[in-house]
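This report concerns helix packing and aromatic ring pairs. Please consult the sequence and the structure shown here while reading.

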Amino acid sequence: MSQTAKAPIVELGARLSIDDLKALAHGGATPALASPAVPRIAAGRAVVERIVAAGIPAYGVTTGVGSQKDFAVDPATIAAFNDRLITAHATIAPAPRASRAGVRAALAIQLHIMASGRTGVRPVLVDALLARLQADDLPDAVLGSSSGMSDIVAMSQLSLGIIGRAGVGAGGRGAASLDGLAAKEALSLLNSNALTLGLGSLALAEARRLFAVQNLVACLSLEGFQGNAASWSEAVDQARGQPGQSAVGQRLRAALAGGALLAGGVNRLLQDPLSFRCVPQIHGAAAAALDFAWDAWERELNAIPDNPLVLWGDDAPAPFISHGNMDTTLLALTLDTLRLALARLCDAAGERIHKIQWAQFSGLPTGLAGHDCLASVRQAANPAVLNFRGQLGDGVEDVAGNAPVAVDQLEQMLAPAWNLATIEAVCAAWAIARRGIAPATLGARTGPLFTALRPLLPIGVEGEAIFDLSAARAIVIAAS
């Protein structure tokens, strides 16, 4: 990760946004602790130490975890218990590893939660975790170990180096590994959902870029089809009154601004096929789904999922509360909604590709054909929230939100969706070139996209060489 002195600082323990997290994950920002975090961490740790000294039964602090929750832990063995808890949950199976950006995001979220002071970990642990993130000394974790319940296995793997244990890879020790963990710390390290939150947030940021490009590509398709832009007018959006549609409508018209199509009079048909006519409605639904997911995930970035919740201050009702804030049902529901919206959007794009090449509709000779990536998008769109069936921890852990599965399915959709957007952009540009439409008559944003794509199109030499979409894909992605 390349960082410079000019990189902005993101203060963990203050408000954390998805954009902040993206910057931290990709090296565009430097992590630091917010000033109020230091006394909060100390106050939370003091509560844990009082619980241990008094022998108060507290889940995962002075007792076992899961099915062993009713068994007390001998104060003399608390340190060893915490170290074993990490090691016992860090089982390594052959599987793909989490991306470095995903790991950075997870570590930032973990620190952000600890900076609240509600986890009760020691300041020395927070300092050690922050040091390794600032040094980009990253541990590894394998994916696919979650049953849908949480990130316990992966988060345990990310924690091995900090206690001097060998993990999946060589990194993650920081300047020096700790001698061991203290009461409550193992639980706080492994039960934060931080990897799912990190990967999901990064996937949402990419989905936002994808949706912006899909809006632009749909505009290029309308120009290539010589469709009726009146269907996308502001009056139509106002008649519907849906915020997502209105927002997308503004973006579509801005992309077409200055072009002949928006000015009117060049459309070929009185009424276009629905895949063209309903772009504001379909893309608007996707925008609303993205807003729904974005809001829920940003709130979750600033939530405290650690169980038990450590409380301090004069108005604290108790020193700790056991709870279920780690449940990810809402997160899975938002991504299920988003994936269904993305699949619907891609279905319509596939139909536009088809219609641009269908002589009866386009008035052009039949050209390129293909939208095989739609199958991958549709398969990954299936809802994840109801997929959990299990009785873990002797029946204690009997439901799961399935957010890890929902994130994985969203990530599976993104690559084929980018490919589909590229195919649509190429077909639209091809149609514009075949019609002889002058680039100067295209929209403010569609014109530059067409100009960048046109040299790549093998018009007139079709079939003489393999048409590699890679360069076109890079142009389309950059258009975001």
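Predicted model: local features only at pLDDT ≥ 70, side-chain atom pairs only at ≥ 80, totals over all residues.

Residues are numbered from 1 along each chain as its sequence is written, and side-chain values use heavy atoms, with hydrogens and water left out.

**Helix packing**

Helices are DSSP runs (H or I, at least four residues), numbered from the N terminus. Axes are lines fitted to C-alpha atoms over the stretch in contact, and angles run from 0 to 180 degrees between N-to-C directions.

Helix H8 (residues 194–225) packs against helix H14 (residues 329–357) at an angle of about 25 degrees, and their axes are 11 Å apart. H8 is therefore roughly parallel to H14 (angles under 35 degrees count as roughly parallel, over 145 as roughly antiparallel). The crossing of H8 and H14 is left-handed, that is, the near helix is turned anticlockwise from the far one by less than a right angle. Contact (heavy atoms within 4.5 Å) involves residues including Leu204, Phe211 and Phe225 in H8, and Leu338, Leu345 and Ile356 in H14. By class, this contact of H8 with H14 has 14 nonpolar, two polar and two charged residues.

Helix H4 (residues 100–114) and helix H5 (residues 123–134) pack at about 155 degrees, with axes 10 Å apart; H4 and H5 are therefore roughly antiparallel to each other. Their crossing is left-handed. Arg104, Leu107, Ala108, Gln110, Leu111 and Met114 in H4 meet Leu125, Val126, Leu129, Leu130, Arg132 and Leu133 in H5.

**Aromatic pairs**

A search of the whole structure finds two aromatic pairs. Rings pair if their centres lie within 6.5 Å; planes under 30 degrees apart count as stacked, and over 60 as edge-to-face.

| Pair | Centres apart | Plane angle | Class |
|---|---|---|---|
| Phe225 and Phe276 | 4.3 Å | 20 degrees | stacked |
| Trp430 and Phe467 | 6.3 Å | 70 degrees | edge-to-face |

Phe225 lies in helix H8 and Phe276 in helix H12 (residues 274–277), so the pair ties together parts 51 residues apart in sequence. Phe225 counts as buried at 0% relative accessibility, and Phe276 counts as buried at 0% (buried means under 20% relative accessible area, exposed over 50%, partly exposed in between, with a 1.4 Å probe and protein chains only).

Trp430 belongs to helix H17 (residues 403–435), and Phe467 to the loop between helix H18 (446–453) and helix H19 (470–478), so this pair ties together parts 37 residues apart in sequence. Trp430 counts as buried at 10% relative accessibility, whereas Phe467 counts as partly exposed at 27%.

Technical notes: Helix = DSSP H or I, 4+ residues; strand = E, 2+ residues; numbered from the N terminus. Parallel < 35°, antiparallel > 145°, perpendicular 65-115°, else oblique. Nonpolar A, V, L, I, M, F, W, Y, C, P; charged D, E, K, R; others polar. Phe/Tyr/Trp six-rings, centres within 6.5 Å; stacked < 30°, edge-to-face > 60°.
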